[in-house]
Amino acid sequence: MDLEKAQIMFKLARKNNWGNKYDRTEHFKRFSNLDRILKELSNKGWLIIHKKSKFLGISLNNTYKKEIIEFIEKQMPYLKGAIV
């Protein structure tokens, strides 16, 4: 499940979804444990949930940028240095 967490966060980082720039959760439907992962990452403070009237948006928390990048690179070592 840590790999799925890293994949979700990498997809957000690649699209530059930090802070108030978010992506809809419907773009992450391929992840089987999406609800559980979102809950765990938001409890950790790494993910910001944007509740809108018609959809749910998610973005990465700028405050934990260093920790998030380290986690992604640990789970997906072939991406080392790819995330800015």
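**Ground rules**

Contact here means heavy atoms within 4.5 Å. Helices (H or I, at least four residues) and strands (E, at least two) are DSSP runs, numbered from the N terminus. This is a predicted model, where local features need pLDDT of at least 70 and side-chain atom pairs count only at pLDDT 80 or more. Residues are numbered from 1 along each chain as its sequence is written.

**The sheet**

Three strands make an open, antiparallel sheet, ordered E1-E3-E2; two strands pair if DSSP finds at least two bridges between them. E1 (23-24) and E2 (47-51) are the edge strands, each pairing on one side only. Between E1 and E3 (residues 56-60) there are two bridges, and aspartate 23 sits opposite isoleucine 58 of E3.

H1 (residues 2-14) lies across E1, E2 and E3, at about 85° to E3. Its axis comes within 10 Å of that of H2 (residues 34-44), crossing at roughly 75°. Axes are lines fitted to C-alpha atoms, for helices over the stretch in contact, with angles from 0 to 180 degrees between N-to-C directions.

Which residues of H2 are buried? They are Leu34, Ile37, Leu38 and Leu41, buried being under 20% relative accessible area and exposed over 50% (1.4 Å probe, protein chains only). Those buried residues pack against H1, E2 and E3. On the face turned away from the buried side you'll find the exposed Asp35, Lys39 and Asn43. After H2 comes glycine 45, with a positive phi near 95°.

Methods: Heavy atoms only, no water.
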